[in-house]
Amino acid sequence: MKNILITGGTSGIGLNAAKRLSRDPKNNLIIVGSKNSKGNLALKELQINSKNASFLKCDLSSLNEIKEFVTINKLPKLDVLINNAGAVFFKKKFSKENIEKTFALNHLGYFLLTNLLIKQNLIKKGGEIINVASGAHWGVELNFKDLQMKSNYNGWIAYKKSKLCNILFTKKLSQLLKKQNISVNCLHPGFVETQFGSNNNCFISLGIKIAMRFGVINIDKGTQTLLYLLERNLQVTGEYFYKNKISPSSNFSLSKINADKLWDESLKIVSDYL
Ligand SMILES: NC(=O)c1ccc[n+]([C@@H]2O[C@H](COP(=O)([O-])OP(=O)(O)OC[C@H]3O[C@@H](n4cnc5c(N)ncnc54)[C@H](OP(=O)(O)O)[C@@H]3O)[C@@H](O)[C@H]2O)c1
């Protein structure tokens, strides 16, 4: 059995990847999302093909819930972890622990869940970690003294920065896990027609839906690079993929100093939960 955990597996890219993976009876799928109703509907879709699928609820913007998720659930040792749950918050919001929500969900969610799973020895040697990042990371830098954008919040910029964090996290983690032969890569799926943005007010959701009419790719195309990484079991680590190929990412995302700084600052924030 291949144990695959997909965060944000209840809609969009995560659910579509799960559906494709459910066709292989050797895959045991665990999808994670914050809403029971949505999770159970997604699970029904997976169960059309698979007996080996389950849904677990967790608000991945909450450090406390992530800690509980890893300690209370009897998770199997994972072959694959896909960090994919993400959102954009045009109006500033805060997590249960009072952390700006884009940073909490899109970066700290990946960071804490992965580190807890590693600490509990729940990722197999030779396993894979895939972080869903975005081409939106281009054109921004991080202010390490104000990672939560306490001054001057802008929802779209906060999202872009969080996706930059995904790449820096991938770079650092891939180095740390080399000895255990666990590969860590990230990807840009393309501009994909999903429920992305629908958590915002109706005008913004509508705006995103309209934008999605232009230049958007369908969900199957938007899942291609993720499935490519899974199916090929490539012997590469620390890379950023787009359209099934290693692709360039911004200069800021390539700096080891930046990756180290983000790692250290993130550790400080989650230290009580590790
Ligand atoms: N769509 C695009 O064009 C695009 C482009 C580049 C990158 N991406 C990235 O792709 C990833 C998936 O997005 P998508 O486009 O597939 O959007 P989506 O359809 O909105 O899916 C987002 C998933 O994340 C989950 N999620 C959101 N908030 C959560 C929370 N607090 N706790 C746990 N799970 C949560 C959602 O489940 P619940 O609602 O049940 O919580 C859902 O399963 C994101 O990381 C996004 O940044 C998307």
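Below, each term is set beside its definition.

Reply: Happy to! This is a predicted model, in which local features need pLDDT of at least 70 and side-chain atom pairs count only at pLDDT 80 or more, while totals for chains, interfaces and linings use all residues. Residues are numbered from 1 along each chain as its sequence is written.

Me: What makes the radius of gyration of the chain agree with a compact globule?

Reply: The radius is taken over C-alpha atoms, and the globule rule is 2.2 Å times the number of residues to the power 0.38. For 274 residues that rule gives a value near 19 Å, and the chain has 17 Å, which agrees. Along its principal axes the C-alpha trace spans about 50 × 45 × 35 Å.

Me: Why is strand β1 called mostly covered?

Reply: A residue is buried if 20 or more other C-beta atoms, placed from the backbone, lie within 10 Å of its own; 12 or fewer makes it exposed, and in between it is partly exposed. In β1 (residues 2–7), five of the six residues are buried. Over the whole chain, buried residues make up 47% of the 274.

Me: How do you know that β1 pairs with β2 and with β4?

Reply: Two strands pair if DSSP finds at least two bridges between them. Six bridges join β1 to β2 (residues 27–33) in parallel, with T7 partnered by V32. Three parallel bridges link β1 to β4 (residues 78–83), where L5 has L81 as its partner.

Me: Why are β3 and β8 said to stand at the edges?

Reply: The open sheet has the order β3-β2-β1-β4-β5-β6-β7-β8, with mixed pairing. β3 (53–57) and β8 (245–246) each have a single partner strand, so one side of each lacks a neighbour in the sheet.

Me: Which residues come nearest to the ligand, and what makes a residue count as near?

Reply: Its C-beta atom, placed from the backbone, must lie within 6 Å of the molecule. Of the 28 residues around the ligand, G8, G12, G33, S34 and G86 come nearest. Helix α1 (residues 12–21) gives the largest share of this shell, three residues.

How values were computed. Helix = DSSP H or I, 4+ residues; strand = E, 2+ residues; numbered from the N terminus.
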